[in-house]
Amino acid sequence: MKPGHSQQLARLPVVLFAAVALCSMPLVVRAQEQKPLVFTFSGPVRGSVTSAGVREFLGIPYAAPPVGNLRWRPPVPHAPWFAPLEATQFANHCPQPPSPFGIASVTEDCLFLNVFTPESGDFFHSHPVMVWVHGGALVFGESNDYDPTALVRDGVIVVTINYRLGALGFLAHPAFAGEKTDPDRDRDSDPNSAGDYGLMDQQLGLRWVRHNIRFFGGDPRNVTIFGESAGGLSVFSQLASPSSEGLFHKAIVESGAYALNTQSLAAAEAAGTAFATAAGCSAQTAACLRALPVTTILANENFAGYTPNIDGEFLPLSLGTAFATGQFHHVPVMQGSNHDEWRLFTALDFDLSHAGHIPNNETAYEAALATLVGPAATLVAAQYPLGSFPSADIAFAAAGTDVVFACPALGADLSMSQFVPLSAYEFSDKNAPQDFLPPVSFPYAAAHGSELQYLFALPVTVPRPPLSAQQLQLSSAMQHYWTNFAKFGNPNGPGEPAWQEFNPTAGNFQSLIPPTPVQETDFAASHHCAFWAALLSAQ
């Protein structure tokens, strides 16, 4: 029997069941209007309807629990079920330590997704689909933090997914590379591939959407993948992964350009070997690693975050190389960053840590810059003179924003726009409320993640003021931009300020400021991108 055939046969009864249901009745059963029942190729799911008229189908398993021998392997589709699955509550989220950016968990059975549809979400409609990938440094976060009601009410279906995080999702190790797996799902066995399991989860979730979203009233031929921070980096990674071909048709990246120089498998495996030793597996065997308690894995993983690696199969090239050479999926892209990204990390690393805020003197300022740019700290201090900023914290944050987020985002724009239609933006509300961290000695402004509250309803983790009338106007414009892009591959639509396609010569971008976004062309200059290009090329 050829690889994959046994799995297909196992699903055959559910496929036949769904086919019969498809021929005999609307896929959303109107008889139970407040508890809609949808028949999928995985099995029937029963959801609920919110007071806003959004149909929710929560906690749908798309993959088998990645436990035991499935830990640190490519995901496997979930076994079919026949009784209706009560999809009215969020399910487990993936293991992670406590943080401001996610809820602690030690449950590996976490590969679930959630589907949110308009009231007209049934088989006889064909809504655009948006698949959301949450951020959190590939260590933190969960799908249930993002309420997409405003987007759904604008005529799209939104799917949010969990995926493996931290070491469980991104650890590479020679013992795993020595096993024969099929990370790119092309029905062969590929040795010498390890890591990127969380990205493989996302891709399996996209396959589930392609197979089943029609039953919820979605169009499998019009899928947009979008994500923020590590979710944005994930979207970049899916753009560059050959095995994601045809799974999505548009891509939105929010603050995801911070790691375009993808690490090699060898570097990732070296980190994995060190992890194994620290966790008590000095013999470096896959059996020992798979027997580790989740608590031990969490205690020894890299809290600073993970990044993908070039495994040769799932990701054959560094992201920067793929984009510069056109070796990525040629779909319309919307991409951008926030004006003050690094203020969030400045607060975490200094003001909210034992170190305290950066003292306002040249010595302390350069010492802080050295943690960011190493020996180039003196040169960077001259480019960002302390006297030009209200405080050393803000000066340091400006440099971090530019080198980590802004200029790499511009570089991605310049590369990708050679091959695909690209819409560039910068979120620039200097008074955006802070959603994750308590107040510090400086204003957060348009910090990392601050645009999320303009797209989604978020849980309240720290006290914050509601959006003002002008901010609500910006929020409405952004929501329409995002859904227009999902519908048409272009953010423009009636009633919103025109957003011109990115022109590499002009360097134009949409500045998302309240109350009304405007086009600007000073991004490269205001973020010192020529300076950073020269400095980094000299190193």
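Predicted model: local features only at pLDDT ≥ 70, side-chain atom pairs only at ≥ 80, totals over all residues.
Cys407 has a relative accessibility of 13%, and because buried means under 20%, Cys407 counts as buried. The sulfur atoms of Cys407 and Cys529 are 2.2 Å apart and form a disulfide. The angle about this S-S bond is -95 degrees, and the link of Cys407 and Cys529 is left-handed.

Proceed to Cys281 and Cys288, which are joined by a disulfide with an S to S distance of 2.1 Å. The torsion about their S-S bond is about -85 degrees, so this disulfide is left-handed. Cys281 counts as buried because its relative accessibility is 1%, whereas Cys288, at 25%, counts as partly exposed.

Then select Cys94 and Cys110, another disulfide, with 2.1 Å from S to S. Here the link is right-handed, with 90 degrees about the S-S bond. Both cysteines lie in the loop between strand E5 (85-86) and strand E6 (112-117), 16 residues apart. Cys94 and Cys110 are both buried. The count of disulfides comes to three, and their pattern along the chain is 1-2, 3-4, 5-6.

Finally, select Glu56 in strand E4 (residues 55-61). Glu56 is buried yet has no salt bridge; Arg55, the nearest side chain of opposite charge, is 11 Å away. Show the surroundings of Glu56 to find its contacts, including Gly47, Ser48, Ala87 and Phe116.

Methods: Residues numbered from 1 in each chain as written. Heavy atoms only, no water. Helix = DSSP H or I, 4+ residues; strand = E, 2+ residues; numbered from the N terminus. Buried < 20%, exposed > 50% of the residue type's maximum accessible area, 1.4 Å probe, protein only. Lys, Arg positive; Asp, Glu negative; His and termini not counted. Salt bridge = Lys/Arg side-chain N within 4 Å of Asp/Glu carboxyl O. Contact = heavy atoms within 4.5 Å. Disulfide = S-S within 2.5 Å. Lists of a residue's contacts leave out its neighbours within four places in sequence.
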